[in-house]
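Hello,

I am passing this structure on to you.

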Amino acid sequence: MESVLGRYKNLIVLVCVLFAQVLGLAVQVKRTTDTESSRLIRIWAVDSVTPFEKVLNWMHNSSWNIWHNYFYLRGVRAENRGLKAEIERLRLEQIRLNEDAAQARRLQALFAFKEQFISQTKPAQVIGSSGSEQSRAIYIDKGESDGLKPDMAVITADGIVGKVLKVFHSTSQVLLIDDQSSGVGGILEKSRLQGIVRGTRSGEVVLEHIMSDNPVQPGEVVRTSGGDRIFPKGLPVGAVSQVASGPDLFLTIRVRPAANLSKLEEVLVVTKLVEQEPTQLESGSVRAADILAQRLPSVPDKPPAADPSKAGAGEAAKPSAPAASKPAKPAGVSNAPNTNAANPPKPDEKVPPRPQAQASPARAASPSSLTGGLTATAPSALKPATEKGPAPPPVKVVDPTPSAPKPKPAAPLANAPTPTQDGPQ
Amino acid sequence: MPITYTSGEQVEVYRFNWPITIGVPATALFLQAWLPRHLSFFAMLDLPLLVTIFFGISRRNPVSGLLTGSIIGVFQDALTSLPIGINGIAKTVVGYGASSLGVKLDVENAGARLLVTLVFCVAHKIVYFMVARGLVNLSMQWSWPHELWAAFINAIVGVFLFFALDRFKQRT
């Protein structure tokens, strides 16, 4: 017996080691959640690798910053000029988007939709990867001690990156959207078709479950649908790069990720999402005609006194008349909008949102007088939120502009909590 | 003579001191996790596998080889999002095979090392694929051109790596 054991000692050890690992695999596969049995080994491995990665990353970033911030400043002036022009362009675009957002909020409030807002993010630096072609995951330098939890969304300014998969003390593992085990609810921006964004074995990103009879064009933007309850709705995922017929009734849609997943440096972890019903900040006196008036070209402004016959209509929307233009206070909103230029709010002061649809007298008066019956024709289901049911929740918004003497378009997501970044900066 | 068939008594058996035994695999694991982030090409390399093969054919002890492969593989798995054990099983088999081969063959020159590393890289991929598909039910795709190309690249790097690590060998 001993001779047999001695002769096949190597083979017996091999079989035992393999059996132990197969058993361990079986346990892990059977349990869908992260098992405590394997967590200890992961902690050891991550804790032994990530400190060195952090140090190297810090050295790399420091040398890079010294070079680029103090020595290599060629083209900075030209870039500055370009950025200023870009800011101007974006400001104009923001005005347009604010109008659309205000309208969307009004409609959402009418139907009592619930919205998700990114309330808080945590900046993190990418320090390493899983080092395997089969597992597309990265490591970031924030972990449990920074408030991170599994299934938090990870994004960049360009688009979504992935979700937090495993959280350790000071690091976290992020599963990228091009990993074959990842899945994100996606929606095509134009056609509004919904599917699931998945990674493939080769590291590509595809949009699945779109029927082949639907027209999908290359270049169409894919956004998050919010259906996965991880990513808030509307974040950019990527753009359709290729559309082909799949083996079944579905299309094979390849998506080029908006974020450059192979060159990630800094990411944002969405640590807090707020879900609330959008509030209708305007009073019930805001009519569809007033909204329409904002969008239609109008005659130049005239003094209200010049046309006494329209005094009644003009008074309702006169911005200088506080009683008419001031929105009805939602419950909890304690102050009227601060339009007093003599007492501008401080930059860090929390002020209530401005009225979102303040039309000029001329703009508001003339179309509404022509289409005065428009508000009356609205069905009862389309009552403003202030008239139906409970009052909206109290919301205070930080207004970054110190003074607002003239009516401006509403700030984006004025009724949403302002996203904040906490962290090292 | 690239590969020499020898008896167990004729071949040299090497050992390594503890810092090298721990430090080299740890460095390989670290570089495997760190380099692909900066150079995506490195994701094709499998430095822990090369270290497993090197220790296996140098020590020429099957038990030591399979345990080295097992530990390196398990730690490599721990850094991925996949269940722990896939790389562990594959590298256990490779460590056992490399050390068993080392007992029979003297693999000291570059050509022999290239060939042996190439074969073990392909063998590692096959075992990995079988475990991932059969036990974990991962959807993996086998592509001979890709696997052969990756094995060839690993073998080339392995030749240089083995010569670099040769200086840490200690005769028993």
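The notes below cover the interface and then the salt bridges.

This is a predicted model, in which local features need pLDDT of at least 70 and side-chain atom pairs count only at pLDDT 80 or more, while totals for chains, interfaces and linings use all residues. Residues are numbered from 1 along each chain as its sequence is written, chains are lettered from A and ligands numbered from 1 in the order in which they are written, and side-chain values use heavy atoms, with hydrogens and water left out.

Interface. Chain B brings 39 residues to the contact and chain A brings 44 (contact means heavy atoms within 4.5 Å). On the side of chain B that touches chain A there are 26 nonpolar, 10 polar and 3 charged residues; Ala, Val, Leu, Ile, Met, Phe, Trp, Tyr, Cys and Pro count as nonpolar, Asp, Glu, Lys and Arg as charged, and the others, Gly among them, as polar.

Salt bridges. A network of salt bridges links Arg60(B), Glu108(B), Arg113(B), Asp166(B) and Lys169(B). Within it, Glu108(B) pairs with Arg113(B) at 3.6 Å, N to O, and with Lys169(B), also at 3.6 Å between the closest N and O atoms.

Arg113(B) is buried at 1% relative accessible area and Lys169(B) is buried at 15%, whereas Glu108(B) is partly exposed at 28% (buried is under 20%, exposed over 50%, partly exposed in between; 1.4 Å probe, protein chains only).

Regards

Methods
A salt bridge is a side-chain nitrogen of Lys or Arg within 4 Å of a carboxyl oxygen of Asp or Glu.
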